[in-house]
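Dear colleague,

Please find the structure below, handed over for your work. A short account of the findings follows it.

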Amino acid sequence: MLKYVNTDIVFQEIPDEVTLAINISNCPCHCPGCHSQYLWGDVGLPLTISALDDFVTKYGDDITCFSFMGGDADPKGVNQLAQYIHEEYPQFKVAWYSGKTVIARTVNKADFDYIKIGPYIEHLGPLKSPTTNQRMYRKTDDGTFEDITERFWRK
Amino acid sequence: MEIKNFTITKRDGTKDQFSLDKIMNAIAKAFESVQEPADLGVISKILAHLDIHNDITVEDIQNQVEESLMREGFYKVAKSFILYRQEHTEDRETLQKMQFLSEYMESVNAATGSKYDANANVEHKNIATLIGELPKSNFIRLNRRLLTDRIKKMYGKQLADEYIDMLTHHFIYKNDETSLANYCASITMYPWLINGTMEIGGNSTAPTNLKSFAGGFVNMVFMVSSMLSGACATPEFLMYMNYFIGKEWGLDYWKRADEQADLSLKKRTIDKVITDYFEQIVYTLNQPTGARNYQAVFWNIAYYDKYYFESIFGDFYFPDGSKPDWDGLSWLQKRFMKWFNNERTKTLLTFPVETMALLTDEDGNCKDKEWGEFTAEMYSEGHSFFTYMSANADSLSSCCRLRNEITDNGFSYTLGAGGVSTGSKSVLTINLNRCIQYAVNHKMPYLQYLADVIDLCHKVQLAYNENLKELQQHGMLPLFDAGYINISRQYLTIGINGLVEAAEFMGLKITPNDDYLHFVQGILGLIEKYNKQYRTKDVMFNCEMIPAENVGVKHAKWDREDGYFVPRDCYNSYFYVVEDDSLTILDKFKLHGAPYIEHLTGGSALHMNLEEHLSKEQYQKLLQVAAKEGCNYFTFNIPNTVCNECGHIDKRYLKECPVCKSKNIDYMTRIIGYLKRVSNFSQARQEEAARRFYATA
């Protein structure tokens, strides 16, 4: 069962979108130097489809995108939630911030509009750093994913 | 009189041992000064009348000595004693001024050094700002006297006393008491276009070409501003400029902007000539000004989308019978914004404060798509300006915070567009945190108590208005006589401060919730009820949440000293708590949305503080959110970084200079409406700026 600790409206994480970031706990990655160690334990509220319904009621069209921050302990669970949003609320984009270097085969990438992969490695820095190991992909119109990491470096 | 071991209270509040010798000595000297003989018997007689008690003040003893001298028939001596006291009072005042002078010189900046009216709009402290500072206390005394005399005439002595009592106990605060002039105005420039500046005491005739427009405009704004204590808005600036450019190169000049326009060796293009005039006007108006205590003039301008423009200027005719040309103006507005944004990476330019006026449709989208998109584009390029969004052209701002409902969009051949002439004559602010706590502590329903305070404020404002009318009758207000400002379209403003703090005292959570909303509406609705009740065909009232640049700090300090609940060192100027990082950006739009600001007829500009710039698409979405929530007046505030070492200016909020890598950096931010260096704010305001939560978007 996926659980989330809190949410926030963010702008920098997903370019050009107004995003509801859902911070998922029980993160298995445990990157040294992690900024969100509060997400390591199995804590928080259940992240179910009814929780997603509640977010939609609360934020409506004020947001344009849902982003799952973490959830690598249960990638299939994240996939199901992404699929649910696209089916029920096609107006929203769906993004996933994963700490893994590859997305599991069992996950249908087509259910996401943005996918970020890669653990946080302190000396290489976060997405913003031009030396980062992390990558942000955006789904293009033909269904393939393009690397848009550079957008985080531009100022 | 029996001699005991008394203590007396000296003028500075300290205690001292009572000394009979000192009094005897003073009396003997008074006799000596008029060559009257005084022996011990005479002096004892005078001393016998004195009623000395413990902790008696020096003033009190001297008063008794005066009376006693007169009772014994020593009138000449008494007179001498009174004169002697007066001389010493004057000496003490001079001493105080000298002490202030030396403290001012030692202070870190002009705003911290200012005793009465700290203002970050003063860049430097020097002899000119000091000269402006010194007479402030006299102005406060004079203004209070003028006002209380008028209140006495209109409503009786009791109300005048009540006013002073409320003022000195900080239940209310009179803004801009250090100036004689009325507050801020959005002016129509039509009288200038017809008659030049003669009617307001200048010597220039009406502008006839682009060159005389640019030069004359600057002079006119300086003259107008020296007769106002606050801001001067010229909402027609670019429209008039477009008119004169059109006269120079034809109405379609903007299609040929890269054509050569002069025969000099520089071969300047039309575009270059235009931007050179921008430069001349903007740089000149950002200079410190002699007539305004070395402050720059508070210059404001407006941009319009097509529909807003048509609502306000649809019936407008220039004196030559032609109508304003929207296509040219649309180009010129964009050109000015782009130029100004770029110029701000070279120099710290505060003025003009700009407001973008946009009309929205029923779905909350910008009616004029092109201008909605351009607004988002300018924000994404890091430009800092205000946006006013509304379903109809109902308001203009006359300064960086005050919106003014406009009551008449008609056109007159002598005064121009009716809508642009508006503003606020005077602001009187209610310290809600103190008022509400006082009422609750004294077991009174707070709204009932507030009603009395609000009623008093309206009467005081009416008295102010009478004084203003008297000034006008004596020809002291040429801006009104010449038609730049229409006195009956100017508001008397009731300000509020400490609203959030009062709500916290009542145990309310400062989030979008029904209890807080009910609290806000109860108070603001009450003020509006009185605003309507006191409105006549000559006087209008509005209510604004004042930016409280220094009042917010003062109120917090005074209230804390008097034992009230004070949760922070500077009262908020928003409906949310600035340092609260649990509120999302959407929450903040909600807290400045229609239900909250409904009764705030004088406006409150939401300053959305962000740590980083957003993209055009994201700003477009937020404009929609603002329109949907009914948040009509807002700006996005991302601190700009200024390097103290190499002078580099960066639109981003950085911890180190990207050019020279120095960590000795300063920021430009809008704490209170206009963009200024943080180090120019008073000490207390700088602390607030540091605590402020910049959403890590």
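The notes below cover conventions, surface patches and cysteines.

This is a predicted model, in which local features need pLDDT of at least 70 and side-chain atom pairs count only at pLDDT 80 or more, while totals for chains, interfaces and linings use all residues. Residues are numbered from 1 along each chain as its sequence is written, chains are lettered from A and ligands numbered from 1 in the order in which they are written, and side-chain values use heavy atoms, with hydrogens and water left out.

On the surface of chain B, a patch of negative charge gathers B:E87, B:E90, B:D91 and B:E93. Patch members have over 30% relative accessible area and no salt bridge; like charges are joined within 9 Å, and nonpolar side chains (Val, Leu, Ile, Met, Phe, Trp, Tyr) within 5 Å. A salt bridge is a side-chain nitrogen of Lys or Arg within 4 Å of a carboxyl oxygen of Asp or Glu. B:D91 belongs to helix α4 (residues 75–106) of chain B; helices are DSSP runs of H or I with at least four residues, and strands are runs of E with at least two.

A nonpolar surface patch consists of A:V5, A:Y38 and A:V43, together giving about 230 Å² of accessible area (Shrake-Rupley method, 1.4 Å probe). Within it, A:V5 lies in strand β1 (residues 3–10) of chain A.

The search of the whole structure finds zero disulfides over all chains, a disulfide being a pair of cysteine sulfur atoms within 2.5 Å. For B:C643, the nearest cysteine sulfur is that of B:C660, 3.6 Å away. B:C643 is buried, at 3% relative accessibility (buried: under 20%; exposed: over 50%; partly exposed: in between; 1.4 Å probe, protein chains only).

Kind regards

Note on methods
Lys, Arg positive; Asp, Glu negative; His and termini not counted. Charge placed at Lys NZ, Arg CZ, Asp CG, Glu CD.
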